[in-house]
Amino acid sequence: MGEYLVRRILQSLLVLFLVSVVSFALIHAAPGGPTAIFLRPGVSPEVQRIQAHNLGLDRPVPIQYLNWLGLMLRGNFGYTFKNHLPVAQIVWPTLGNTLILMTTSWVLALLIAIPWGIYSSTRQYGLADNAGSVVGYIGFSMPAFWFGILLQMFFALKLGWFPLSDMHSMGRSDLGDLVWHMVLPVTVLVLINLAGYLKYSRASMLEVLNQDYVRTARAKGVPERRVVFRHALRNALIPVVTVLGLDLPIVVAGAALTEAVFNWPGMGQLFVQMAFAREYSVLMAITMIIAAMVVLGNLLADILYAIIDPRVQLGAGGAEAR
Amino acid sequence: MSHWRAKPWAGFFAVIAVFALVLSACGGGGAKTTEQPKTTAPTAENKPVKGGTFTFAETSDIITLNPAFINDVPSADAAFFINAPLYDMDNKGQPIVSQWSLAAEPFQVQNGGTTYIVKLKPNLKWSDGQPLTADDVAWSANVIANKDLGSPLVSYFDQVKQAKALDPTTVEFDLKKVYAPFVANVLMGAWVMPKHLLENVPVKDLQKNPYGTDPAKTLSSGPWVWTKWVQKQYLEFEVNPNYWGPQPNIQKIVYKIYADQNTAVQALLKGDVDMFNGIPVPSLPAVESNKNITLVNQPGPSWDYLGLNFKGSNFPQFGNQSPFAGIKTRQAIAYAINRDEIIKQVIKGYAQPIDSPFLPTNWAYKAGAAVTYSYDPEKAKQLLAEDGWKMGPDGYLYKNGHRFEFTLQYNTGNLRRQQVSAIIQQELKDVGIKVNIQALDFSTWIDQWINPGKGQAILLGWYGGLDPDNEQIFSSKYFPPNGQNWGWYTDKEIDALWEQGNSTTDITQRKEIYAQIAQKISTDLPYIFLWQLNIIGGYNKRVHWQPEDAPFQALPYAYFWHIQNWWVSPQS
């Protein structure tokens, strides 16, 4: 396990390095730049050239990359171009805000979806199962922003039970106020996430429940509850865990549309704004955080396999997980 | 052009976001009072009270409040609260001395218009208690004019040879030549920086200095000081205890950032914010039906146009000649586009057709000076025929074996332009012209097409500033990449008139020159002039003002018109 981890971490670093090279090149290749936005009538390209020079944007891209990498290795994300603010000061708080919103909705979605999926699979086409299908369809097909607006109209504007938007009321930062502000956006995100996880866990359980060994277990008189939870569930969870690992980056990247509707100061929104503003250093910081989460998500999924399924052995001697 | 107001009305190209509305019977002219404070609760509502918080919504965070680098409307809006102008403006956009201006008396013009003398009030102070003197004013002007700074405002100071402090309250500006827009650009448009804080910062490093991004290190010369910035969320301003002028009524101003216009409108409806300027037309019915909101729905400073390119190399499929070369062809296009109908259908009536770059809300506008092209497709067909276009078998016009076909570009995500371009496409098809539509990401469009003067036709807008000078848009002295004459339009007579217009200081004479330009340019049509857009502001009725302090839309910052005198009812 230790040796496996070291190998995977080294691989991950290589992946992150390659991601950084490619993203840096792509981001800098996009037309326009941080100073281009400054242009307006009467402002000649000369001004843009002087600014680019003062801000170091006129140096060759590989040199700019090496400068960025140097800062990065020292744990510094660099500075925004237009107003010279430390990128970390912008990115970390928004990442925190996104994590609060996304992990809450993610965990809630799982807590609801997995038991519901299991239950549905044991009573296929029953009431709960059909209800799950309906929720699934709605969750898959309803645009998040639209559902968000509906909730706002009804619960914030009409009934006034919940705040319309934002993370805190002005001048407050206590937990109760935060939770109150989270209700509507979390509801939206839970519904959206629920659909997928419900389908995965139900389908996966159904597949496993039809396996020969489950029939064997039932035939030898193992109680149904034990069949489901002991024999079937562990195997059924493997594909779900894969999906969870792949979804980890989404938790970090945030849901730009939902964040926009509820004016949640998260990273999804930040990325969109910064892309329009061509703030290279902020874009790179967010790209690298998401890339790191992709790598981490995969690693965690692999480790979870070993925990759920003892047949999977990680390390030099064992077979690699799928 | 436009944007003369160092306060960056600069989003200019970016008319993207601002839509507008219509207004009442508004034809022209400056300040219109909207609704008066309601007299439901006579005591608190009719008499100004001190204190309280005024919260307004913006859809972007600021970039910097350093006056030398402000180049976007959100930053300018925030900076407005903490900066006093040299000269204030009246409701027609003319310079005046007021209780809020740094100047104590009207400026004197000497040496035939190349020297301006400004006399400051004697008691001016920065928010740190230090005196604000002629030294600060002269130093700021010279720094911004310094090319090494890379200030986006440098063009406003282009004609400033130097500024000097003659004594602590007298500044002399020496210009390189007589240049009338200097008054709007610098005397009314520019803000002052504190010399005592910044004089030792090397000019090249000024953009990286925390002045303008750190509230604790940014001084105020205005009624409020900047106290807090939570990035991407909000800014706060409080009354400036060291303010040299009359204390404002409103104690605290909160600039709250929303993700987009719709989110901001919802917040206005709910009462989370007291004001939002820039309500999109589709949201208007919801706002109108809310009894707590006063609307200020009037023509703003922005206008749309259909730009035509005259450079032959942009039309390889047309034998490297611009199909727009013939004047009758351009007039035909103007006749073929039904502006009234488009305004009605797409902008729901919240715009007025224009015939020249001089907006009816600007002092340089002269009614009847410009030629109006009313919708007349038959006339369009006739003019096209006169210009040598022949109908081909496919229903499109041909000349020299080339089909009359061009690509019309606009920026992705601008719903108004998307709809307008589709209607123009159909209307021009009706007279035999094939229009292909191309939507482009804004930055990419500006960088790859607009700045280098490429493309065939564009649907874009400008913000008109205080001064009516538009030389940089229409003169052949300003071809890309050195100016904004994107379409390579050339007319020596019009070139000369623009120059005459900005080198004349007498306003009556200037007005006459601009009337001539309006007549010529509306005949020659380098652009097809479309419409001036309304801007819709929504104000919660807990915000009060006297009639003479009512906000309006036609001038920069007029949506905060005399906010120093406004007051708010206690929060319910």
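Two strands are taken to pair if DSSP finds at least two bridges between them, and helices (H or I, at least four residues) and strands (E, at least two) are DSSP runs numbered from the N terminus. The model is predicted, with local features needing pLDDT of at least 70 and side-chain atom pairs counting only at pLDDT 80 or more, while totals for chains, interfaces and linings use all residues. Residues are numbered from 1 along each chain as its sequence is written, chains are lettered from A in the order in which they are written, and side-chain values use heavy atoms, with hydrogens and water left out.

Strand 4 (residues 108–110) and strand 5 of chain B form a hairpin with four residues between them, and Asn111(B) in the turn has a positive phi of about 50 degrees. The two strands run antiparallel, joined by three bridges, and Val109(B) stands opposite Tyr116(B) of strand 5. Strand 5 also runs antiparallel to strand 7 (residues 170–175) of chain B, through five bridges; here Thr115(B) has Asp174(B) as its bridge partner. Four of the five residues of strand 5 (residues 115–119) are buried, so this strand is largely enclosed by the rest of the structure (buried: under 20% relative accessible area, 1.4 Å probe, protein chains only).

Turning to the interface, 55 residues of chain B are in contact (heavy atoms within 4.5 Å) with 43 residues of chain A. Two salt bridges (a side-chain nitrogen of Lys or Arg within 4 Å of a carboxyl oxygen of Asp or Glu) are counted between the chains. Arg278(A) forms a salt bridge with Asp441(B), their closest N and O atoms lying 3.0 Å apart.

Note on methods:
Buried means under 20% relative accessible area, exposed over 50%, partly exposed in between (1.4 Å probe, protein chains only).
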